[in-house]
Amino acid sequence: MALTKGYDINSPDGFGMYVDTIYSTPELAEVGFKEWILRFGYQGYYRDSNRNMIPLNELRQNCKLVEFEFDSTEFDGDFI
């Protein structure tokens, strides 16, 4: 088993941005976050599981950068 360090940004609900993408650096995770919030641009906010509306300009401060190790030989997604 080959463990590799990865990064992601978890939403206010505690979920990663994409189920099939892991980032190799915190900086690339931040770039991914800027792409991810575009999904909510039309409505102008993110609604969490408690039905709270979080304005997009406040969303990053409500999300968490996470560092973890994963088995790169078993991951079928994108490692950027």
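Contact, throughout this report, means heavy atoms within 4.5 Å.

## Ground rules

This is a predicted model, in which local features need pLDDT of at least 70 and side-chain atom pairs count only at pLDDT 80 or more, while totals for chains, interfaces and linings use all residues. Residues are numbered from 1 along each chain as its sequence is written, and side-chain values use heavy atoms, with hydrogens and water left out.

## The overall picture

Let's start with the whole chain. Its secondary structure comes to two helices and six strands, where helices (H or I, at least four residues) and strands (E, at least two) are DSSP runs numbered from the N terminus. Along the sequence these elements follow the pattern β-β-α-β-β-α-β-β. The C-alpha atoms fill a box of roughly 40 × 20 × 20 Å, taken along the principal axes. Of the contacts with a separation of 6 or more, 58% join residues 24 or more positions apart.

Now for the surface. The chain has an accessible surface of about 5400 Å², and carbon and sulfur atoms hold 50% of that; such areas come from the Shrake-Rupley method with a 1.4 Å probe, and for residues only the protein chains shown count as cover. Buried residues make up 30% of the 80 residues. Here buried means under 20% relative accessible area, exposed means over 50%, and partly exposed lies in between (1.4 Å probe, protein chains only). There are 7 positive and 14 negative side chains, and the centres of the two sets lie 10 Å apart. Lys and Arg count as positive and Asp and Glu as negative, with His and the chain ends not counted; each charge is placed at NZ of Lys, CZ of Arg, CG of Asp or CD of Glu.

Helix α1 spans residues 26-36, and its buried residues are Ala29, Gly32, Phe33 and Trp36. These four sit on the same side of α1 because they cover an arc of only 105° around the axis, the arc being that of the directions from the helix axis to the C-beta atoms. On the other side, Glu27 and Lys34 are exposed. The cover over the buried residues of α1 includes β1 (3-10), β3 (45-47), α2 (56-59) and β5 (64-71).

With 2% relative accessibility, Gly32 counts as buried. Beyond four places in sequence, Gly32 touches Met17, Tyr18 and Tyr23. Leu56 is 24 residues from Gly32 in sequence, and their C-alpha atoms are 15 Å apart.

## The nonpolar core

A nonpolar core is a set of buried Ala, Val, Leu, Ile, Met, Phe, Trp, Tyr and Cys residues joined through side-chain atoms within 4.5 Å. The largest one has 13 residues, and those touching the most other members are Ile9, Met17, Phe33, Trp36, Tyr46 and Leu59. The elements giving two or more residues to this core are β1 and α1, and α1 supplies the largest share, three residues. In soluble globular proteins, nonpolar side chains tend to be buried together.

Not counting residues up to four places away in sequence, Tyr46 touches Ser11, Pro12, Asp13, Trp36, Phe40, Asn52, Met53, Ile54, Leu56 and Leu59.

Asn10 belongs to strand β1 and counts as buried, at 18% relative accessibility. Leaving aside neighbours within four places, Asn10 is in contact with Phe15, Gly16, Cys63, Lys64 and Val66.

The loop between β1 and β2 holds Asp13, and Tyr18 lies in the loop between β1 and β2 (21-22) too. Asp13 is partly exposed, with a relative accessible area of 24%. Although Asp13 and Ser49 are 36 residues apart in sequence, their C-alpha atoms are 6.4 Å apart; outside its sequence neighbours within four places, Asp13 is in contact with Tyr46, Asp48 and Ser49. Tyr18 is partly exposed as well, at 25% relative accessibility. Setting aside neighbours within four places, Tyr18 is in contact with Asp8, Tyr23, Gly32, Glu35, Trp36 and Arg39.

## A backbone detail at Arg51

Arg51 is found in the loop between β3 and β4 (53-55), where Arg51 counts as exposed at 59% relative accessibility. Arg51 has a positive phi of about 70° although it is not a glycine. Most residues other than glycine have a negative phi.
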